[in-house]
Amino acid sequence: MPFGLIWHNLRRHWLRSALTIGSLGIALFLITALRALVNSLEAGVRGAAGNRIVVGSDVSLWVQLPTSYQAKIAQIEGVEKLIKWQWFGAYYQTSADLFAQWAVDKDVLFDVYPEMKLVAGSMDEFLVRRDACLVGIELAKTYGWKPGDTIPLLGNTYPRADGGAWQFYCAGVYEARLPVDNRSMFFDYAYLEQAGEAGETMYWPGCMLYVARTAEGADQEAVIQAIDRLYENGPYKTKTQPESEFNRQFVTMVGNIPALMAAIGGAVSFAIVMAALNTMLMAARERTRDLGIMKALGFTDGTAFALMLVESFAIAAAGGLIGVGTALATESAIAFQLSANLFPGYEITPDMIMGAVAAAIAIGLVAGIVPAWRASRLRAVEAIRAGA
Amino acid sequence: MAVVPFEYNLRSLFVRRSSTLLTVIGIGATVAVLAGVLALQQGFARLFSETGRDDVAIFLRPGSSSEGESGFTREHAETLMKSTPEIARDEAGQPLASGELYVAVRLRKNDGGETNVPVRGVQDLSFAIRGEQFRIVEGARFKPGTDEVIVGKSLAMRIPHAQIGDVIVLNLTPFRVVGHFESDGPFTSEMWGDLDRMTEALQRDGCSRVIAKLVDGADVAELRERLENDKVSPAKVQTERQYLTAQTIALSAILITLGGFLGFVMGIAAVFTGINSMLSAISARTSEIGVLLSIGFRPWSIFVAFLLESVLLGLLGGVVGCLMALPLNGVRTGTTNFQTFTEVAFAFRITSDVLVPAVVFALVLGVLGGLWPAWRASRMRPTEALRRA
């Protein structure tokens with residue numbers, strides 16, 4: 001098998017080869033990245049824990065449930081741990097610095113969310129200090145926060161009566177995987193409660209959500225019904241859902257736009273691939289005379305066939321390599337950007353890489369098979385005459 | 001100085017039509033994606049900002065950026081309405097102002113999912129302030145003080161039990177749908193009812209915001225400054241147009257970033273395809289270039305001719321792309337307003353703000369695709385070009 005010939009052919013029109021490889025690389029990168037984007041939307045659903053249920057107001061995500069519900073929900077059989085989540089709605093420096101701050105019951109946070117791991121700082125300090133908070137690893141990176149720092153936040157949902165900023169002590173940095181994102185801040189609900197009771201801010205004793213960890217072997221459906229029955233006559237009706245179902249509503253919220261985008265992107269990638277195919281077929285046609293001479297020199301039909309096919313595969317493989325390589329190289333940067341814009345969970349999975357590789361092989365085959373077949377059937381005399 | 005006739009390039013594009021077609025489709029698809037994303041952004045942004053009025057003021061709690069997070073007590077709202085001299089008054093001397101409650105209510109959608117529907121409790125004067133912008137298209141307005149609601153046209157198509165005579169339960173209170181309304185702007189995705197009944201049913205107190213018609217020539221900037229530092233009843237004041245424009249910033253930024261990213265990446269591929277197409281066109285015409293050069297055309301005329309040919313490819317691609325995007329115009333879709341996390345229905349809009357950047361983008365792709373091949377063509381030596389053929 002004359003590999004030197006393939007290399008030489010690719011180099012003869014190096015610019016054309018490079019541009020074709022480049023276009024294929026871009027198309028494969030786009031296919032992979034768009035798949036990852038669409039896939040990321042479901043990450044919160046896929047990562048949901050089977051033993052967690054979410055209790056919210058039946059009316060609205062923005063209507064709070066009274067804190068007095070906590071004791072009653074905790075008593076229901078099958079509820080092992082219960083944690084409050086309350087949106088704090090403050091901002092750092094300017095209102096463009098958007099990230100979520102949650103007032104939670106800090107003593108059970110890691111029990112309910114075992115996927116959260118402390119990567120810096122001290123858990124003891126978090127539990128002991130009243131004003132302590134934990135920040136997500138991406139958030140810490142964005143603002144350069146580290147354990148021991150003081151984080152001033154301007155209250156929006158909870159403006160301070162004195163007009164000043166809330167002061168939080170950064171006790172640690174956590175890393176988690178979805179559904180818990182790495183751009184949130186957690187602190188103790190009691191801190192908010194005490195400030196409210198001391199008249200430092202307008203405060204109503206309530207929270208947006210309760211999340212319960214159910215006991216192993218508990219009948220989740222029964223637990224859900226028992227909770228909702230407690231308050232079916234108000235004053236604040238609850239709606240309890242498994243965590244996966246609760247997270248799914250955010251997927252539907254984004255609507256069909258990402259799917260639409262992915263469809264368009266797929267179509268464009270197809271167009272790019274078609275154009276690259278055309279170039280490859282064109283290149284093959286130019287080769288007619290060379291092939292005729294080779295046949296006259298005694299190269300077999302099989303060699304001619306293999307020569308053309310391998311050349312096509314070489315281009316497709318190089319394109320695939322560039323596409324997958326770009327997708328992997330940009331993965332963390334894109335993930336960080338998306339996550340900062342409320343879309344966490346961008347990830348290139350082995351599945352997507354396999355998909356891109358399969359697409360590259362298919363392109364190599366489709367682009368190579370017709371020229372290869374023609375090359376094998378070529379008669380030396382005709383080829384030389386036609387190419388002259 | 002001799003210029004290569006334009007017809008030469010036109011014919012050349014026709015002769016290699018399959019390669020021309022693929023290049024045009026490549027550029028066209030790229031342009032279409034860009035135009036599609038921009039049309040989405042335009043539809044969304046214009047829905048909000050075009051319909052906002054300059055003579056209507058929105059009062060929010062200081063520090064809040066949307067009515068979803070804003071809130072006033074009833075007394076606070078009353079004080080604002082009664083003691084702001086910039087607020088216009090009706091014949092009876094009543095200030096043309098209204099407290100409004102805004103809650104994103106969880107309701108089921110027709111397709112089975114759940115969505116956050118903006119439910120608005122309004123006072124009587126809300127209608128007077130909106131005037132012609134607000135129209136009942138079917139049924140009638142709700143009667144003040146009753147458990148009746150009216151539903152926006154766009155919303156009525158998206159959720160069940162929203163037809164006239166149906167009953168929608170909010171928290172524990174059943175509300176009867178008595179009318180459908182249409183309005184310029186995002187209200188048509190909302191459900192409206194009586195302020196007092198809504199606050200009671202949804203267990204809220206006070207209201208989210210105050211809206212008011214301003215007297216002619218009111219100085220909004222001065223009003224904003226005065227109320228921001230007011231000791232008794234502070235508020236953040238914006239005109240409705242300013243408020244609605246601010247609502248679109250987050251989603252617009254996401255869409256423009258996404259469109260820009262896709263356009264950039266696909267644009268590179270389109271330029272590659274363009275260069276390849278031009279290069280093969282030039283190599284097939286080496287002898288012609290030799291002839292052109294030897295009969296006295298200057299290299300720069302060759303350069304201009306081939307660059308023009310590539311720009312023409314770009315222009316064709318741009319036109320094809322815009323044509324591909326055109327059917328999107330008016331297609332209705334829904335997305336979330338990330339400022340309030342509620343669903344808004346709107347339509348793609350192909351405007352000049354979509355078409356002009358799309359065509360300019362296509363021309364840029366054409367220029368980028370043609371520069372290098374055209375330069376190569378202009379650098380050929382006549383003797384060699386003729387011999388190589």
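## Salt bridges and cysteines in a predicted model

Let's start with Arg35(A): this residue is partly exposed, with a relative accessible area of 37% (buried means under 20%, exposed over 50%, partly exposed in between, using a 1.4 Å probe and protein chains only). This is a predicted model, where local features need pLDDT of at least 70, side-chain atom pairs count only at pLDDT 80 or more, and totals for chains, interfaces and linings use all residues. Residues are numbered from 1 along each chain as its sequence is written, chains are lettered from A and ligands numbered from 1 in the order in which they are written, and side-chain values use heavy atoms, without hydrogens and water.

Over all chains there are 33 salt bridges (a side-chain nitrogen of Lys or Arg within 4 Å of a carboxyl oxygen of Asp or Glu). Here are some of them.

| Pair | N to O distance |
|---|---|
| Arg35(A) and Asp351(A) | 3.5 Å |
| Arg241(B) and Asp54(B) | 3.1 Å |
| Arg226(B) and Glu222(B) | 3.3 Å |

Arg35(A) sits in helix 2 of chain A and Asp351(A) in helix 14, so their bridge ties together parts 316 residues apart in sequence. Arg226(B) and Glu222(B) share helix 7 of chain B, four residues apart, about one turn of the helix (helices are DSSP runs of H or I, at least four residues, numbered from the N terminus).

And the cysteines? The count is zero disulfides over all chains (cysteine sulfur pairs within 2.5 Å). Cys133(A) has its closest cysteine sulfur in Cys170(A), 5.1 Å away, which is too far for a bond. Cys133(A) is also buried, at 0% relative accessible area.

Notes
Helix = DSSP H or I, 4+ residues; strand = E, 2+ residues; numbered from the N terminus.
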